[in-house]
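Hi,

Here is the structure I promised to pass on.

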Amino acid sequence: MTERGLFSRRGLLAGGAALLAGPAIGTALAQSVAEVDIAIIGGGAAGIAAGLRIAQAGRSHVLLEAGERLGGRARTDTAFGLPVDLGTASFGRAGSGLASAAGAAGLPVSGLPGDRLYVDGHPASESAYDGFSAALGRARRDIVTAADAGRDVAVARVLPPPGPWSALAAARLGPLALGKELDALSTLDLALRDVPPDDATSPLGVGALIEALGAGLNRQTHATVNLITNSGRYHTLSIAGQRTTIRARAIVLAVPAPVIAAGAIRFNPVLPPRLLAAFRAFPAGTLEQVGFLLPGNPLELEPDEGVLASRDGTAPGARLRGRINGSDLHVLTFGGAPARAIAEKGEAAALELARAFLDRAFGGGVGEAVREVVASRWSADPLFRGAMASAMPGQGALRRLFGDPVQNRIFLAGEYTSLTDWGTLAGAFASGEVAAAKALRVVGGPA
Ligand SMILES: Cc1cc2nc3c(=O)[nH]c(=O)nc-3n(C[C@H](O)[C@H](O)[C@H](O)COP(=O)(O)OP(=O)(O)OC[C@H]3O[C@@H](n4cnc5c(N)ncnc54)[C@H](O)[C@@H]3O)c2cc1C
């Protein structure tokens, strides 16, 4: 198992794979071909889950990750001397293979408190919680009713008439959850989404947890796959800047949907036009995280508590998670337009937006305490190109296509391939397990 450069012969040979020598290394034509049963492209939650399933079945594999480490959109960095998740920071435990895998690996998972509501700078009354959940419930009901009636239109078009909580409910369903406004989301796609609430995190950081799950796999980082060729009985993978190509009997393709839509990986022969059209109908939303210290607990939050805020009946644009692991670290998740500004302009814009959010949500003065921020830029990174992929209005039915095999041997995995858990970490993990099971059938099952 290696982090960088050519992956190990020993790992490849496990399970009967062969490393085939090409022309002598050192000549201008130096090239070699490695053979595996199953190649996995993309080392996020989906790729790692696939790798674990394939390794368990005793089949040879290699996990090819373009970035410098595994984890993908689950990424824990260190800031202010503390671990901070700049991708997903939580996941739903209920029935999730991810929670089971973490438990089996002895990795710590802890519970999360629910969200607290702040209204006009103050903790909300019980009746405010009732009003907000009723507004959310009505919006969800109308989305499902439209989808059931065969109306796959923009979610904004079917929402109930505006009420006191409609702005916050709209923000919770759209920009703060999926990084898009409701006029860019499909009723059918949203109606099919049925995810358990995020109730778990890890004191290690969720990114560190996912990375640790992949630590035992035969993997290569800094390995950007740029061409997949159907060579008859196997597929051949080319990696940018490397002479070694990889022959695989099956492939789990676990890179983000917008990466495929952008043509960053070429296919020979090309992908079926219907599938390509589906990728283009699922642009990613924009979510960016901004982490900062807020000493002295001025908002009187419990460790890891989430906060949604409403001011003058509007939604101030971010969701706060306070006192990460009981520390002074707080993280704001911005969605939609402000998140796009952060992705484009970086931390200077993030600092300004964080201060403005805190002042607007909680009252003047809170924002001033923030001196420095760290911020993600997922939408500006060519390996991700956004947060999660969701259907444009009218295109929700196309998500099913991502479950079909491509050229008989390529199986798509990743958050966007799940019909009901799309856009989530646990859904991405489950999709990797499903794709691995299909790939294993192609190579004849467990060794
Ligand atoms: C800011 C933010 C907040 C989020 N919040 C939540 C949340 O609260 N709850 C929740 O459940 N989910 C959340 N998510 C979504 C969750 O993070 C994703 O659904 C999940 O991590 C996706 O996993 P994946 O394996 O499908 O893709 P990824 O994790 O994106 O993995 C794909 C991998 O493919 C690699 N790659 C790309 N191109 C190539 C190539 N050519 N060759 C090789 N490798 C390549 C990438 O580097 C990446 O590592 C959030 C996401 C973001 C960005």
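Let me start with the second largest cavity: E5 and strand E18 (329-335) each supply at least two residues of its lining. The largest share comes from E5, with three residues. Before I go on, please keep in mind that this is a predicted model.

The volume of the second largest cavity is about 50 Å³.

How many cavities of 30 Å³ or more are there? The count comes to two. The largest cavity holds about 70 Å³ of space. Around the largest cavity you'll find Pro83, Val84, Asp85, Ala89, Thr201, Ser202, Pro203, Gly205, Asp304, Arg321, Ile324 and Asn325. The lining of the largest cavity is made up of five nonpolar, four polar and three charged residues.

Now for the open space. The second largest pocket has a volume of about 210 Å³. Its lining has 14 residues, and those nearest the pocket centre are Pro160, Pro161, Pro162, Gly163 and Ser166. Helix H4 (126-148) and helix H5 (166-173) are the elements that give two or more residues to this lining. H5 gives the most, with four residues. If you sort the lining of the second largest pocket by type, you get 11 nonpolar residues, two polar and one charged.

On to the aromatic side chains. A search of the whole structure turns up nine aromatic pairs. Take Phe279 and Phe402: their ring centres are 4.9 Å apart and their planes meet at 40 degrees, so this pair counts as tilted. Which parts of the chain does the pair tie together? Phe279 belongs to helix H10 (residues 273-280), while Phe402 sits in the loop between strand E19 (374-375) and strand E20 (410-412), so the contact joins parts that are 123 residues apart in sequence. Are Phe279 and Phe402 buried or exposed? Both Phe279 and Phe402 are buried.

A second pair is formed by Phe357 and Phe362. Here the ring centres of Phe357 and Phe362 lie 6.1 Å apart with the planes at 80 degrees, so the pair is edge-to-face. Phe357 and Phe362 are both buried as well. Ring pairs also link Phe357 and Phe362 with Tyr118 and Phe334 into a cluster.

Finally, two arginines are placed over tryptophan rings. Arg75 lies over the face of Trp378, at 4.8 Å from the ring centre. Arg193 has its charged end over the ring of Trp422, 4.7 Å from the centre.

That's what I have so far.

Cheers

Methods. Residues are numbered from 1 along each chain as its sequence is written. Side-chain values use heavy atoms; hydrogens and water are left out. Rings of Phe, Tyr and Trp (its six-membered ring) pair if their centres lie within 6.5 Å; planes under 30 degrees apart count as stacked, over 60 as edge-to-face and the rest as tilted. Buried means under 20% relative accessible area, exposed over 50%, partly exposed in between (1.4 Å probe, protein chains only). A charge sits over a ring if NZ of Lys or CZ of Arg is within 6 Å of the ring centre and within 35 degrees of the ring normal. On a 1 Å grid over the protein atoms alone, a cavity is a set of points where a 1.4 Å probe fits but cannot get out, and a pocket is an open set with protein on both sides within 12 Å along at least five of seven lines; lining residues have an atom within 4 Å of a point. Grid points are joined across faces, edges and corners, and a volume is the space filled by probe spheres set on the points. Ala, Val, Leu, Ile, Met, Phe, Trp, Tyr, Cys and Pro count as nonpolar, Asp, Glu, Lys and Arg as charged, and the others, Gly among them, as polar.
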